Protein chains: 2
Amino acid sequence: MSKILRVNMSDRTAVYEDVPEKYKLLGGRGLTSTMISDEVDPTCHPLGPNNKLVFAPGIVTGTTAPTSGRVSVGGKSPLTGGIKEANAGTGWSQLVGRLGVKAIVVEGSPKESEWWGLHVTKNGAEFFPAGDYVGKGLSEIFPDLFERFGEKVGIAAIGVAGEHRMGMAGVCFDDIDNRPSRYAGRGGLGAVMGSKGLKLIVVDGAGAPGVEIANKELFDQGRKKLANALRSHDLTKPGGALNSYGTAVLVNVINEAGAFPTRNFREGRFEDAAKISGETMAEYCKTRGGVGTMGHPCHPGCIIQCSNVIPNPDGTEMASCIEYETTWALGANCGIGDLDVVGKLTAMCNDIGLDTIEAGDVIAVAMEAGLAEFGDGDAAIGLLEEVRKGTPLGRILGQGTGAAAKVLGVVRSPDVKGQGMPAYEPRAIKGIGMTYAISTMGADHTSGYTIAPEILACGGDLDQFDVDKADVVRNFQYATAFIDTSGHCLFIAFAILDIVDGFEGLVEECSGVLGTNWTMDDVGRIGKEILDRELAFNRAAGFTKADDRIPEFMKYEKLPPHNVVWDVPDETLDAVFRA
Amino acid sequence: MSKILRVNMSDRTAVYEDVPEKYKLLGGRGLTSTMISDEVDPTCHPLGPNNKLVFAPGIVTGTTAPTSGRVSVGGKSPLTGGIKEANAGTGWSQLVGRLGVKAIVVEGSPKESEWWGLHVTKNGAEFFPAGDYVGKGLSEIFPDLFERFGEKVGIAAIGVAGEHRMGMAGVCFDDIDNRPSRYAGRGGLGAVMGSKGLKLIVVDGAGAPGVEIANKELFDQGRKKLANALRSHDLTKPGGALNSYGTAVLVNVINEAGAFPTRNFREGRFEDAAKISGETMAEYCKTRGGVGTMGHPCHPGCIIQCSNVIPNPDGTEMASCIEYETTWALGANCGIGDLDVVGKLTAMCNDIGLDTIEAGDVIAVAMEAGLAEFGDGDAAIGLLEEVRKGTPLGRILGQGTGAAAKVLGVVRSPDVKGQGMPAYEPRAIKGIGMTYAISTMGADHTSGYTIAPEILACGGDLDQFDVDKADVVRNFQYATAFIDTSGHCLFIAFAILDIVDGFEGLVEECSGVLGTNWTMDDVGRIGKEILDRELAFNRAAGFTKADDRIPEFMKYEKLPPHNVVWDVPDETLDAVFRA
C-alpha cells in the first residue's frame, strides 16, 4: 500500500499516512499541485511556517516505463508568489516510488535556525543533524553523504543558495553517477526547503517493495509502445539529435530563427552562438576526450539520454550537464561566447544550488545595470561568487530576475511574475511568449513547449510570428500537466506528438499502474483539472490578468534581426484559459 | 486662466495647456489621481517612459486659506506598483498655485542618463543642465540653488536616493527657511522623478497673478470659519498640543496604548519612549536653546505650526523636522531611545532624499535580518550611509520594506503592498490596521487617520480593539481624499471633526475659489469619486483583495503588552469599499 510521508519541521516528526482516495490516481505535478491547493493558504508567506513543500514521483516512476524517473517538487513559490511545480530527472525519485511513498510533504518550520537531514528507508524516516553540511558546496558534501549512507542511496539537497533562502535556489538531486546536478530548479523551491531547516533527504531503496502495478499486461503493452516511439523518432532515438548533441542542439536552430535572446534580450541572434552549441560540446567530448560524454542518461531507464559530461581541455570534468537553456542563459544572454566559461558557471550553479536559467537572467540584468560588461566571463564568475557568499550583492542577484531588476532599478527585466524568461524570445516566437505570459508558473517554457510546432515542425508546423495560437498554447499546457503527472520526461512529447502509438502507450502505462481505463481523451481532461487547480490557487494568491503579461519594454523595443515587438493582443492571452 | 504645464523629458519640451473642463474643479490629490488614471497605463513599468509624475497644488493653495500650502505628487509607485499620491506642506506649492499652474505633468524619459533642472517663472518654463547638482546631499545643493535663483524661489528636488531610483526616495521641497526638509515622502515618487532625469524644479513666483477666486465673499467667510476652528481646538490651536510638542506629542500617548511598534513590530511598548517624545524635544529646545524651535510652520499661513527645529547640545541645528512618525521609525522601531541619534538619522534622510518612515522600517528589517543589533545607533547610521552611496546593501534597503525583506529573506516584514507600516500597531488599533490593509496607497496612516476617534477621542470615541469599524474606515478615507484635494494639511481634520463650523468653512473656501455651491455632502461624494478612480487603477494594475491584507505573521504572533493578534476578518476588509 502506498503512503504519504508527512514531515513536520516544527516538532520534527515524520509519520506515514494512508493515501486519501482523491489522491490515488495522481502523481508528480498532479499530486503536488493538488496537495498544495488543498493544504496551503494561497496568501501565506512562502518562507513562513504555513507554506509546504511536496515531493512526488510520477505515476509510473520507479517502474520499468522508459524515461520516467522524474520527481515533482511543489509549493508556494518565493520567486513568483504563486503555485510552483518544478521537476527533475533523478534516480532519487525512482527510489521513493519503489518504497511505496507517493509523496513526501514537508511542513512547519523550526523556531530557531537549525539544520536537519532526513533518512528514509523501508523501515521508516529518521532525522539526523545536518549542521556539518551547511555552508559548503554540494560537490563537496555529496561524496561525503554517499560514503556515509551508501553509494546506492538517492539524495535531495539544497545548496548554500537555499540556506540563504534565495528566490533562485533550486532543489538538487543526484544524477546517475551520484553528481549533484539534476535540478528541480525553478521558482525558488530550494529556499522553501531552506526556510524549513531541511538541508537534505537521503533515500535508501534497499528492500523496497516496488511500485504496485494493477494491470501488468496493460502496463507492459503501454511501455513497449512508448519505448518504440522513443526509439524511432528522429529527435529522441538513440543516435538522434538529442542523444548526439544534447538539448543544446537547439542553439544553432533558435539562433537561426532570430529568437536566441542575446545580451539581456537586446538581440535575437548571437554572433558566437556556434561556439556554445551542442555541436561544439560534442566536438569537445571527442577531441578533448577524458570524461567527456554526450548521450549520458540522467537516471536509469532513459532511452533519450540527452545529458552530457563536458570535459576540460585536460579531459577532467568541467560540468555536467550543460543544457540548451544553460548554455544560452550563462552564454548568449550574458554575451559570453566561450563554452569553457559557460561550463565553469554551470559547475558553480550546481555547486551553489542555483537554477541556471535564473542565474543567467540575473547576471545579464546585473550587466544591464552596469555592474559588469556583457561578455565579461570573469565578472560573471565573480557575480556568482557573491551569490555563494551571500553578500548584499549576492542577495540581490539571488532573489532572481524580477526582484534583482527592481532593486537595481533596471526597467528591461525579462521576467513574468518575477521569474526570468528561458531561452526563447517571445517577440520572435509568439506561442512560447503566450505560454510565458499565462503559465501558472511564471515565464516557463516547460509549461507548454510550443517550440515543437513553432520551430521544430514537430506535432504540427506553425509560423513562429503568427499570434493566433490560443488553442495550441492551451492544449500544450494541458498535455504537459499530464506528462508531468505521469512521471515521464517532457521530452517524450516530441515522439508522442508525431507517433500516436506512443501517445497511447503513455496512457496505457498509467492505466496499467493505476487500474484505470483511461483513453487519450482523459489526458486533456486530467491536464485541465490540474491547471484549473493551479489557476485557482494563483487567483486566490492575488494574481490577475495584469500578471499574465510580457514585460512592457518588449512592446516598444524592436528585436533584431526581425525587428519585431511583442504584439499578441491582451485579449488573446486572457482568452486562452477562458475558452 | 489656470494652465497645465506639460514637461516631456524625451524631447525636453515644456508647454502650457488649457485646463480641460473635467479637471477644473479638481486640485491636489483629486487632480493627480485623476490625471494618472486618465493618462498612465496601470500596467506600465513605474520607472519606464510611460509612467508620469504630476505635481498639483490644492484647490485653495496659494490663497490666504489657513494651513493650505500642500502639494500633491502623483504617479504609479515603484514601491507598491499601484497609484500613489504623496503630499507635503511647502511654500513651493503656493508659488505654483499663484502662477496659475494647476498641475505640472512630467512624462517621457531621456534616452541616455542625463540630468536636468526646470526653471518655472511667470514667463514660462526653461530647462537647465543639472549634472552639477547630482551625487550631492540636498543640504549642500539647496543653498547653492537659492543663491543662484534667489531666496524667494521654491525648490522641488530629489536626493541621491531618487537618482538611484530607490523605492523609498521621496520628493523634497523647501520649508519656510529654505531647508530641504518637506517631503512628499512615500511610495518612491522620487525614483520616478529620477527615472525621468529631472533633478529639480525651481519655481519663481515673482509677478505671479495669484489664484483666481470666483466668489471672494464666500471664500472669506469659509477661511474665517476654518481659521476660528483651528484656533479653538485643543489639538490645533496656538499653544495647543501640536503647536507645543509637534506631532511627536503622540509618542507617549500611543506607547501608553500599547500600540507603539517597537523593534520591528515585536512589541507595542518601548521602554525608552519618553526619551524620544515631543516633550523631550520641547525640553531640548528650551534647555539647549540656540536654533531650537517648537511651533515652527512648514509653510507661510499655517495656524497649527507643528514643525520643529531640534538643536544639538551646542545649540546648532540637529534636524528639522522630527515628526512623530520619524522619531518612531528611526527610534523605537529600531530600538533606539536616543533623540540625538534619531536627529542625526533624520538629518541624513533629509539630505539623502528619503522617506523617514520607510527608512526606519527598512533599518529595522535589516536588524531583523541580523545585519545590526536593535538599538545600535551607529549601525543604523552606517546603514543609511550605504543607502547614500548606493552600495549593493544600500540598494537593497533603498527599495523599501517589502523588497528589502524579500531580498534578505525576512518573513516578519511589516508592509502592505510593499510599503512599510507607519507608527501605529495594527494588532492594537484595528481601524488603522484596516486602513493600512485597504488603502490604495499601501500601508498609510494618512489615507484615513482613524487614530483620531480610536485613540484621541476626536471626531468620536471608539475602542481601539473593536474590529467593527468598516464605516469609519471608509468615511475617513473619503473625507481625507477631499482634504488632500483642497490643499489643506490633513491636521485640519482634528478641528473640523469636532467643530462643524470649521468643516463648513473648508467647503465654503473651496466653493469660493471654484464658484461652486458645494455642501458638506459633496465632501463624501467627491472623496468617493477620487477613491473609486484610485481603486480602479489598482485593479487594472493587478491588485486584488489578496493585496488588501495585513502581513501573515501578525495573525499568528501575539503583540505585547496586550497580547493581541490581527483578527479583523477578511470579509470585513473586503466589504469596506463594496458597501
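Predicted model: local features only at pLDDT ≥ 70, side-chain atom pairs only at ≥ 80, totals over all residues.
Is A:Glu151 buried or exposed, and at what relative accessibility? At 55% relative accessibility, A:Glu151 counts as exposed, because the cut-off for that class is over 50% relative accessible area.

A:Glu151 sits in the loop that runs between helix H3 (138–149) and strand E9 (154–157) of chain A, and together with A:Glu140, A:Asp144 and A:Glu147 it belongs to a patch of negative charge on the surface.

Turning to how the chains are arranged, chain A is superposed on chain B by a rotation of 180° with 0.1 Å of shift along its axis, and the RMSD is 0.0 Å. That is the relation of a two-fold axis. Within chain A, the C-alpha nearest this axis belongs to A:Pro392, at 2.8 Å from it.

Now to the salt bridges, of which the count over all chains comes to 84. A:Asp522 forms a salt bridge with A:Arg525, with 3.0 Å between the closest N and O atoms, and both residues lie in helix H21 (residues 520–541) of chain A, three residues apart, which is about one turn of the helix. The two partners fall into separate accessibility classes, since A:Asp522, at 15% relative accessibility, counts as buried, whereas A:Arg525, at 37%, counts as partly exposed.

In chain B, B:Arg6 forms a salt bridge with B:Glu107, the closest N and O atoms being 2.8 Å apart. B:Arg6 lies in strand E1 (residues 3–8) of chain B and B:Glu107 in strand E6 (residues 101–107) of that chain, so the pair ties together parts that are 101 residues apart in sequence. Both B:Arg6 and B:Glu107 are buried.

What do the side chains of B:Glu508 and B:Lys225 meet in? They meet in a salt bridge, at 2.8 Å from N to O, and this pair links distant parts of the chain, with B:Glu508 in helix H20 (residues 500–514) and B:Lys225 in helix H6 (residues 216–232) of chain B, 283 residues apart. B:Glu508 counts as buried at 14% relative accessibility, and B:Lys225 is buried as well, with a relative accessible area of 15%.

Finally, returning to chain A, we find a network of salt bridges that links A:Arg6, A:Glu17, A:Glu39, A:Lys52 and A:Glu107.

Conventions:
Residues numbered from 1 in each chain as written. Chains lettered and ligands numbered in written order. Heavy atoms only, no water. Patch = residues over 30% accessible without salt bridge, like charges linked within 9 Å, V, L, I, M, F, W, Y side chains within 5 Å. Areas by Shrake-Rupley, 256 points an atom, 1.4 Å probe, with all protein chains shown as cover. Salt bridge = Lys/Arg side-chain N within 4 Å of Asp/Glu carboxyl O. Lys, Arg positive; Asp, Glu negative; His and termini not counted. Charge placed at Lys NZ, Arg CZ, Asp CG, Glu CD. Helix = DSSP H or I, 4+ residues; strand = E, 2+ residues; numbered from the N terminus. Buried < 20%, exposed > 50% of the residue type's maximum accessible area, 1.4 Å probe, protein only. Least-squares fit on C-alpha atoms with pLDDT ≥ 70 in both.
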